Structure formats: C-alpha cells, structure tokens
Amino acid sequence: MSIRIESAKCVGCGRCTDVCPGNLLFLQQRKAVIRDSRDCWGCTACVKECPQDAICFTLEATLGGAGGRLYAQDSAATLTWVLRLADGAEQRITVNKQQANAY
Amino acid sequence: MKTIEKSADILIVGGGAAGCFAAITLAKAHPDLSVLLLEKAGLKRSGCLAAGVNALNAYITPGHVSQDYVNYAARDAAGIVREDLLLQMSEGLNAVTQDMEKLGLVILKDKAGNYVSRGWRNLKINGENIKPLLAKAVRQGKNVEVLEHVNVVDLLQDAAGHAAGAWGIALREEAAVYARAKAVICATGGAAGLYRPNHPGEARHTMWYPPFNTGAGYALGLRAGAEMTSFEMRFIALRCKDTIAPTGTLAQGVGAAQVNARGEKYQAKYGNTTSERLYAVVSENLAGRGPCYLETQGISEEAETSLEKAYLNMAPAQTMKWRETGLGPRTANVEVEGTEPYVVGGHTASGYWVDKERQTTVPGLFAAGDVAGGCPQKYVTGAFVEGKIAAEGAAKYVRQAAHIADAAQAVPVQTPAALAASVAELLTPPGAPPLFTVDALEEAMQQVMDEYAGGIATAYRYTERQLALADKHIARITRLAAQLRAQDTYGLLKIFELRERLLVCRVLIAHLLARKETRWHSFAENLDHPHQDAAFAKYVNSRLHDGRVEIILRDLVNRSNQVKEAAQ
C-alpha cells in the first residue's frame, strides 16, 4: 500500500481508475476504492490524476514512513507536490515541466 | 461470458515503450495496414514508465560510435549478448531520441542547442510525462485501434504454427477478447514478482520493476513453442534502501561513490559492471562491513534541491523520505540495497530468441523491448528502436508471407467457442471451496524461489541441489494452481498471472541449472561452479517441447575479440 484514498473528497470521476497500471482502482457507489492495498506499486499515477486531492502517497511503516501524506497538483506548466507531514506542517515543491533534471 | 471478436493486419500486445513505438511507426510508415494494440491497463500510465523516467540511458554522444555501446553492453554481460542485435539497436538510438523530442519530451540542451549528457551514453530529461506523450502519439495514428484494460493470455496460431492473433480478457467488459491478425508483435515487458520481494506485506509491491509485468509475453511464447534465451541472466537492481528508488541519479548524476559503514570506498575491489556493483554491496554486507551507502554527504544545497525534483519525476518516495526524516542527501549518505531478482530483457538479456527483424522462432510472432532477448542495456530508447524494427519486420511479413494470401490457411486453430468454454470452466464455482487462494500460492512460489533459487535470503546464491528442490516445489504449486477458480475477470487475471509466473520460474530454474559456471556474480551465482568456464561462452536457450523444458546451448553470434574468456 502506497496510497490512501480520502473518500470524503472523492467525487467519483473515475480518472484514477483509468490510469492505474495495475487495474487496482474501481468505483463503488461513486467512490474510488482499491482492490487490495498491498498490490499498489506506488507509481503515483492516480495521485497526479486526481483533480480533488483525494488520493495521497504515503510511505509504509516498513519503508521507514513517518506519517506524511504527499499530494500532487497538476497543471499545464507545472507539477506541484504538496507534502503534509505528520505534525501538520506543509511543504511544497514545484517542478517546471519544461525544465529537465539537472542530474 | 461474451466474446469480443476483432481482426487487424498487425496485433501489438502491450502498450509500453516498445509497443507504443511500434504503433507510432506503423501509423507513420504503413498507414494502409490496420493495427490493433491491446494494453493491459490504461495507455497513459502503464508499464515501466508509469511513474516517469529520470534519464535516457542509451544514446550515442558526440565522440562515440555505436560499436562503443555494443562493447559496453557485451562487457557488462561477460560476452553473452547478440552483438548483431546490439549493433543494430545502437545505430537507431539517436533517431528515436529525436523522434521522442518531437513528441514533446524535454531534453536538456546547452546554449548551442546540443543535448547535455550525463556520462558518455546518457541524456538528461524531464521524463515525468514520457508515457502520456507516447499515449497521445499512439492515439493520433489513424490506422491504430487501441483497446485498454485487456489482458492477453495466449497466442492464436494457424495449423502450420504461424501466429494468427491472440486472445485475452477484457477486464471492464467481463468479456473474452478474440483478436485475429496476420502478424503479432509481443511487447509485454518482462517478469516481476517471481521472488519474495524486499518488503513482504503491506509494501510487497514496492519494487523496481512493475509488479504488473508478470511474464505474460514469455509465457505465451513458451506455450506456443518459441525459443527463449538467457533467462538465467537475472537482473537485480541496486536501489535506495526501502524506497527502491534509482541509484544511478546519485552515482552518475552527482558522482556519489559507494562506501561501507566504515566509510571505505570498496568498489575497486569488485569491478564495475552492473552485476559487480551489486555484488560489491552483497559482499560488504556479508563481511560485516554494512550497511552500504552512496556517499552524497556534503553535496551543495543546489544539488540537493535538484535531486529532490529529479526523484519526484520518477520515484517520489525518495524525495518524500528525505523530507519526512529531515535528512536529505546533503546531510546523510543514502543507504543502498539489492532488490529481488527479475527476468527482463531490457537490462539483462532474457527473452525471445529473435532474428534481426525481431521475429521469434514462431513465424509471424515478433518481439520487442523487455520481452526480447539477446540485447541488454536497451533501456527506454533501445525499446523504442526495437519497437520500430519489429513494426517494420511485421509489416514486411504481412505483405510477403505466402500463407497470408490464402485466407483459408491463416485461420487460428483455436476457435472463439473453445476459448469461451475454457474461460467458462475457470469461472465455474468448484464443488468444494479450494484450500488455497491465488495469493497463498503466489507467496509459496516466491518463498521457494527466494530460498532455493537464489533470492535475497541466500544473498542471490544457489546450489544445484537447491535448484532441484525449487523445481520440485514449483511443479507442486503449479498442480495446486490448476484448481483455482475465479468469480470475475479480475479474478481470472490473477489466476493467469500466477500461471505465467510459475511457467517463467520453471524455465528460469532450468536455465540456472544449465549454466554450470558463475559468469555474473549475484545475477547467477552458482556455488557448485563458482568460476567462469570458457565452455559456457554460449547462450543457454530453451523451449517447451512436449511439456518439457528443452535446453539448447548455442554458439555466440558474431563472436569477436571483445569476448575474453576467463577474464577475471
């Protein structure tokens, strides 16, 4: 499990179910659900696709996770990653899509 | 369950790097041929490139020639490569890179407009959106029909054994798909999930290779009688601990060296091929000098910021880990570990035995990308090139093959009704509930491979006696898997995936047994034969024949002076 679906925010648009490379997401009573949480690869395709910030990426406890939630806000020119740490602090990193990686 | 029937001139199985490029090539160069692409998930984010990619690792930079790339790959594989395939691939790398740039991929350039390289064969890019760009280009092809969320199970063949299409299941329609074609390009990717992963349990799928690449392409080829090569050249990735994020960005990008817990740089002791870099970490750990790290401490603030963004573009977990712990790469060295082994032809050389047009030993069946063998280090751009070559090969075949002109001959032996009946049987509730689930059998398979076929538990080492036990247990689990039944198409998918993996495991074990030497540390570490043996400067190939795995040792193609036996 690398993602969490925050059902209250989900509007049932189904975009995440189209992009999951494992066919793991589907709609049930107009809310996205994951078939088996252990099967998520952690690619964040659904996190980037969700227009409602209703899916976040997390680091599992066995991977050293500390309780943070990572969201992504996609736009034409940028991809902004929003990290909400366990203590409530928020950090943002914006990646310019036209800029190549320096490394 | 209903059956959706389709037909096309060329069927492409799998819409990853190779499959997309095959479709793009056929749209551009052969608009008169009809093309059907079947993709297991959604084209926009499927396969290896779902999360993005950080660099293009196969490119011929100024001052280098294609042969340099061949020499590099041949050296890395200790000679067990098809130099003919490698050279042809290398010669196509730069053209597909330019094609990809035209499709919208951002590639770093200097002020003069030249690509900026990272090392002698890598380009720096923003590859987060590489898969959406490919998907968009495929959809523009007027002669290309794409069916998504279709899992292909097996090849269709005519009475003479020519490829005549493929069948599978449509996950969203609760239907079977029966697709006839005059030629088939297999581009499914390799096989993950054969071995117990680094983190069983909640994070069991936090792995290097997509856990959804289950060896479908290998399995369908094996069942159709195709010859495979070099399964025993397993690939094991050296990754950032826990997140399983790439290490190349740190090693090549910022020049971070490997250091052990004592701060010693140990790499020179072990050599610098891909397998030796992994073996170095394994050996240092076994000697009690672990954990091992990439020495990033002390890099500039600017470098740290750039690395955070680079990882977000391919493996966000690593950036998240740095931020969550408050220990970025500038503050703390990055711990590394080896993954579980995979069978994959894009990094090592496992896959279909193909000719220069990427036609397999099954007439009319072509292979490209990770599922095609003999041509390692192809990475993303190499997979593009192979997609292009396979597309041209398939187009030529469709136009020239004599049996195709006679429509009565090119009829699949398998009828839609027979396939529907076989699927219906799997959906029939069993008389008594089966003892085991797909999950339980998958776990059993992974445990067997881990303990007896050189997984993480044995530091990737094995003996012949262990392999014999592995073979026995895989046969037992295969028998148990025959009893599995499903309730819906997703349940069918899980059964088919397990069967594919079990077959790949069986063939892999036979390959490991056949190579009675240790040519690549860790990738195939045979404790009964711990040294390289000149007698095994050969390809280990295999095919299924009358239900048995038949091993075929073949002489090296274009053997040249680059292959220096017993070099160690």
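A salt bridge here is a side-chain nitrogen of Lys or Arg within 4 Å of a carboxyl oxygen of Asp or Glu. By that rule, seven salt bridges cross the interface of chain A and chain B. Keep in mind that this is a predicted model.

**How much of the chains meets**
- On the chain A side, 51 residues are in contact with 58 residues of chain B.
- Together the two chains bury about 4600 Å², and carbon and sulfur atoms give 57% of that.
- Three residues stand out: A:Trp41, A:Asn101 and A:Tyr103 supply 21% of the area that chain A buries against chain B, more than any other three residues.

**Polar links across the interface**
- One salt bridge to look up pairs the side chains of B:Lys494 and A:Asp39, at 3.9 Å from N to O.
- Polar contacts link 23 residue pairs between chain A and chain B, counting pairs with both residues at pLDDT 80 or more.

**What chain A brings to the contact**
- Elements giving two or more residues to this side include helix H1 (15-19) and helix H2 (45-49) of chain A.
- The largest share, five residues, comes from E7(A).
- Sorted by class, the side of chain A that touches chain B has 23 nonpolar, 18 polar and ten charged residues.

**Strands in chain B**
- E19(B) (residues 538-545) pairs with strand E10 (residues 228-229) of chain B in the antiparallel sense, over two bridges.
- In that pairing, B:Thr229 stands opposite B:Asn541.
- E19(B) also runs antiparallel to strand E20 (residues 548-555) of chain B, joined by eight bridges, and B:Tyr539 stands opposite B:Arg554.
- E19(B) and E20(B) form a hairpin with two residues between them, and B:Asp546 in the turn has a positive phi of about 50°.

Note on methods:
Residues numbered from 1 in each chain as written. Chains lettered and ligands numbered in written order. Predicted model: local features only at pLDDT ≥ 70, side-chain atom pairs only at ≥ 80, totals over all residues. Heavy atoms only, no water. Contact = heavy atoms within 4.5 Å. Buried area = accessible area lost by both parts, 1.4 Å probe. Polar contact = N/O pair within 3.5 Å; in protein donor to acceptor, adjacent residues only side chain to side chain. Helix = DSSP H or I, 4+ residues; strand = E, 2+ residues; numbered from the N terminus. Nonpolar A, V, L, I, M, F, W, Y, C, P; charged D, E, K, R; others polar. Pairing = 2+ DSSP bridges.
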